[in-house]
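Please read the sequence alongside the 3D structure while following this explanation. The paragraphs go from the overall layout to particular places.

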Amino acid sequence: MIRPELRNLLRTHSELLIFAALALAALWVAFWGGWFFAVLGGAGALVAGSLALGALRRTPFRRPVAAPGVVEIVEGAIRYYGATDMGGEIPLRDLVEIRLLRLDGHAHWRLRSQSGEALLIPADAAGAGALADAFTALPGLDMGAVSAALAQVARQQDAMRTVWRRPG
(Lines give C-alpha, C1' and ligand atoms only; values in the text may rest on other atoms or scores of the structure.)
Protein backbone atom coordinates (compact mmCIF):
# COMPACT_ATOMS: atom_id res chain seq x y z
CA MET A 1 0.00 0.00 0.00
CA ILE A 2 2.86 2.37 0.84
CA ARG A 3 5.52 3.02 -1.77
CA PRO A 4 8.80 1.22 -0.99
CA GLU A 5 10.84 4.47 -1.01
CA LEU A 6 8.51 6.06 1.52
CA ARG A 7 8.51 2.91 3.68
CA ASN A 8 12.33 2.87 3.74
CA LEU A 9 12.44 6.59 4.58
CA LEU A 10 9.98 6.15 7.45
CA ARG A 11 11.86 3.10 8.74
CA THR A 12 15.20 4.91 8.64
CA HIS A 13 13.97 8.06 10.36
CA SER A 14 11.27 6.59 12.63
CA GLU A 15 13.04 7.48 15.88
CA LEU A 16 13.59 11.06 14.75
CA LEU A 17 9.95 11.42 13.64
CA ILE A 18 8.65 10.13 16.98
CA PHE A 19 10.74 12.61 18.98
CA ALA A 20 9.77 15.46 16.64
CA ALA A 21 6.09 14.58 17.17
CA LEU A 22 6.66 14.60 20.94
CA ALA A 23 8.27 18.04 20.69
CA LEU A 24 5.28 19.35 18.73
CA ALA A 25 2.88 17.87 21.29
CA ALA A 26 4.84 19.51 24.11
CA LEU A 27 4.72 22.87 22.30
CA TRP A 28 0.96 22.42 21.88
CA VAL A 29 0.67 21.94 25.66
CA ALA A 30 2.83 25.04 26.21
CA PHE A 31 0.27 27.20 24.42
CA TRP A 32 -2.75 26.02 26.45
CA GLY A 33 -2.40 29.14 28.59
CA GLY A 34 -0.95 29.90 31.97
CA TRP A 35 2.55 29.68 33.30
CA PHE A 36 2.21 26.07 34.51
CA PHE A 37 1.44 24.69 31.04
CA ALA A 38 4.06 26.96 29.46
CA VAL A 39 6.78 25.60 31.74
CA LEU A 40 5.57 22.01 31.39
CA GLY A 41 5.34 22.21 27.60
CA GLY A 42 8.65 24.06 27.28
CA ALA A 43 10.46 21.46 29.38
CA GLY A 44 8.89 18.65 27.38
CA ALA A 45 9.88 20.33 24.11
CA LEU A 46 13.49 20.71 25.29
CA VAL A 47 13.71 17.05 26.30
CA ALA A 48 12.11 15.84 23.07
CA GLY A 49 14.32 18.18 21.03
CA SER A 50 17.50 16.85 22.64
CA LEU A 51 16.34 13.27 22.05
CA ALA A 52 15.60 14.16 18.42
CA LEU A 53 19.11 15.59 18.05
CA GLY A 54 20.59 12.34 19.36
CA ALA A 55 18.41 10.35 16.96
CA LEU A 56 19.55 12.54 14.08
CA ARG A 57 23.21 11.91 14.95
CA ARG A 58 22.64 8.15 15.20
CA THR A 59 20.96 7.97 11.78
CA PRO A 60 24.18 7.30 9.77
CA PHE A 61 24.92 4.32 12.04
CA ARG A 62 21.70 2.58 10.96
CA ARG A 63 22.60 0.68 7.83
CA PRO A 64 21.24 -2.42 6.20
CA VAL A 65 23.23 -5.52 7.11
CA ALA A 66 25.63 -6.07 4.20
CA ALA A 67 28.71 -7.51 5.93
CA PRO A 68 29.29 -10.74 7.81
CA GLY A 69 29.58 -10.84 11.57
CA VAL A 70 27.75 -9.55 14.64
CA VAL A 71 28.56 -6.64 16.97
CA GLU A 72 27.55 -6.67 20.64
CA ILE A 73 28.05 -4.19 23.45
CA VAL A 74 28.20 -6.17 26.69
CA GLU A 75 29.27 -4.85 30.11
CA GLY A 76 31.29 -1.95 28.73
CA ALA A 77 33.04 -3.97 26.04
CA ILE A 78 32.68 -3.98 22.27
CA ARG A 79 32.58 -7.51 20.89
CA TYR A 80 32.73 -8.49 17.24
CA TYR A 81 32.05 -12.04 16.17
CA GLY A 82 33.40 -12.39 12.64
CA ALA A 83 31.86 -14.89 10.25
CA THR A 84 34.84 -15.09 7.91
CA ASP A 85 37.50 -13.13 9.79
CA MET A 86 38.69 -13.23 13.35
CA GLY A 87 36.61 -11.31 15.82
CA GLY A 88 37.59 -9.88 19.15
CA GLU A 89 36.72 -7.77 22.15
CA ILE A 90 37.94 -4.39 23.38
CA PRO A 91 36.70 -2.85 26.64
CA LEU A 92 35.67 0.79 26.26
CA ARG A 93 38.01 1.79 29.11
CA ASP A 94 41.00 0.42 27.13
CA LEU A 95 40.05 2.08 23.85
CA VAL A 96 42.55 4.77 22.76
CA GLU A 97 41.70 5.40 19.10
CA ILE A 98 38.84 5.05 16.65
CA ARG A 99 39.45 5.23 12.93
CA LEU A 100 36.98 4.92 10.12
CA LEU A 101 38.30 3.50 6.87
CA ARG A 102 37.05 2.03 3.64
CA LEU A 103 38.19 -1.48 2.64
CA ASP A 104 36.86 -3.46 -0.31
CA GLY A 105 34.12 -0.90 -0.89
CA HIS A 106 32.77 -1.04 2.69
CA ALA A 107 33.27 1.24 5.68
CA HIS A 108 35.05 -0.34 8.68
CA TRP A 109 35.66 0.83 12.23
CA ARG A 110 39.24 0.28 13.42
CA LEU A 111 39.38 0.27 17.20
CA ARG A 112 42.78 0.28 18.91
CA SER A 113 43.40 -0.57 22.57
CA GLN A 114 46.09 0.62 24.98
CA SER A 115 48.09 -2.56 24.40
CA GLY A 116 48.17 -1.90 20.64
CA GLU A 117 45.62 -4.53 19.66
CA ALA A 118 43.29 -3.52 16.84
CA LEU A 119 39.78 -4.69 16.08
CA LEU A 120 38.34 -4.18 12.60
CA ILE A 121 34.53 -4.06 12.52
CA PRO A 122 32.48 -3.60 9.32
CA ALA A 123 30.09 -0.66 9.66
CA ASP A 124 27.46 -2.78 7.87
CA ALA A 125 27.66 -5.73 10.28
CA ALA A 126 24.62 -6.81 12.24
CA GLY A 127 24.35 -4.80 15.45
CA ALA A 128 26.88 -2.14 14.37
CA GLY A 129 24.29 0.55 15.07
CA ALA A 130 24.86 -0.08 18.79
CA LEU A 131 28.34 1.40 18.42
CA ALA A 132 26.77 4.88 18.38
CA ASP A 133 25.53 4.41 21.94
CA ALA A 134 28.83 2.87 23.06
CA PHE A 135 30.88 5.70 21.55
CA THR A 136 28.93 8.35 23.46
CA ALA A 137 30.53 7.08 26.69
CA LEU A 138 34.01 8.04 25.46
CA PRO A 139 35.50 11.30 26.81
CA GLY A 140 35.65 14.15 24.31
CA LEU A 141 33.97 12.33 21.44
CA ASP A 142 31.93 14.55 19.12
CA MET A 143 29.09 12.47 17.65
CA GLY A 144 28.48 15.10 14.99
CA ALA A 145 32.05 14.66 13.74
CA VAL A 146 31.68 10.86 13.81
CA SER A 147 28.47 11.05 11.75
CA ALA A 148 30.15 13.41 9.26
CA ALA A 149 33.13 11.05 8.97
CA LEU A 150 30.82 8.11 8.33
CA ALA A 151 29.12 10.05 5.53
CA GLN A 152 32.49 11.11 4.05
CA VAL A 153 33.91 7.57 4.05
CA ALA A 154 30.73 6.30 2.40
CA ARG A 155 31.19 8.77 -0.49
CA GLN A 156 34.91 8.27 -1.18
CA GLN A 157 36.66 5.21 -2.55
CA ASP A 158 39.85 5.10 -0.46
CA ALA A 159 39.24 7.10 2.68
CA MET A 160 40.62 6.87 6.20
CA ARG A 161 39.79 9.23 9.00
CA THR A 162 40.65 9.27 12.69
CA VAL A 163 37.47 10.24 14.51
CA TRP A 164 38.63 10.01 18.14
CA ARG A 165 41.73 9.70 20.31
CA ARG A 166 41.73 9.39 24.06
CA PRO A 167 42.81 12.71 25.57
CA GLY A 168 46.01 12.79 27.56
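What follows describes a predicted model, beginning with the chain as a whole.

The protein chain contains five helices and seven strands. Read from the N terminus, the elements come in the order α-α-α-β-β-β-β-β-β-α-α-β. The C-alpha trace spans about 60 × 50 × 30 Å along its principal axes. The chain has 168 residues, and 33% of them count as buried.

Next comes a pair of helices. Two packed helices are described by the angle between their axes and the distance between the axes. Here the pair is helix α2, residues 14–30, and helix α3, residues 35–58; their axes come within 7 Å and cross at roughly 165°. Angles over 145 degrees count as roughly antiparallel, and α2 and α3 are therefore roughly antiparallel to each other. The crossing of the two helices is left-handed. Sorted by class, the residues in the contact of α2 with α3 are 17 nonpolar, four polar and two charged.

Most residues other than glycine have a negative phi. Glutamate 75 is not a glycine, yet its phi is positive, at about 50°. Residues count as exposed when over 50% of relative accessible area; glutamate 75, with 78%, is therefore exposed.

The last topic is empty space in the model. Rolling a probe the size of a water molecule over the atoms shows where empty space is left. The largest pocket has a volume of about 250 Å³. It is lined by 17 residues, of which Tyr80, Asp85, His108, Leu120 and Pro122 are the closest to its centre. Which elements give two or more residues to this lining? They are β5 (106–113) and β6 (118–122). The largest share, three residues, comes from β6. By class, the lining of the largest pocket consists of 10 nonpolar, five polar and two charged residues.

Notes:
Residues numbered from 1 in each chain as written. Predicted model: local features only at pLDDT ≥ 70, side-chain atom pairs only at ≥ 80, totals over all residues. Heavy atoms only, no water. Axes fitted to C-alpha atoms, helices over the stretch in contact; angles between N-to-C directions. Helix = DSSP H or I, 4+ residues; strand = E, 2+ residues; numbered from the N terminus. Parallel < 35°, antiparallel > 145°, perpendicular 65-115°, else oblique. Left-handed = near helix turned anticlockwise from the far one by under 90°. Nonpolar A, V, L, I, M, F, W, Y, C, P; charged D, E, K, R; others polar. 1 Å grid on protein atoms, 1.4 Å probe; cavity = no way out; pocket = protein on both sides within 12 Å on 5 of 7 lines; lining within 4 Å. Points joined across faces, edges and corners; volume = space filled by probe spheres on them. Buried < 20%, exposed > 50% of the residue type's maximum accessible area, 1.4 Å probe, protein only.
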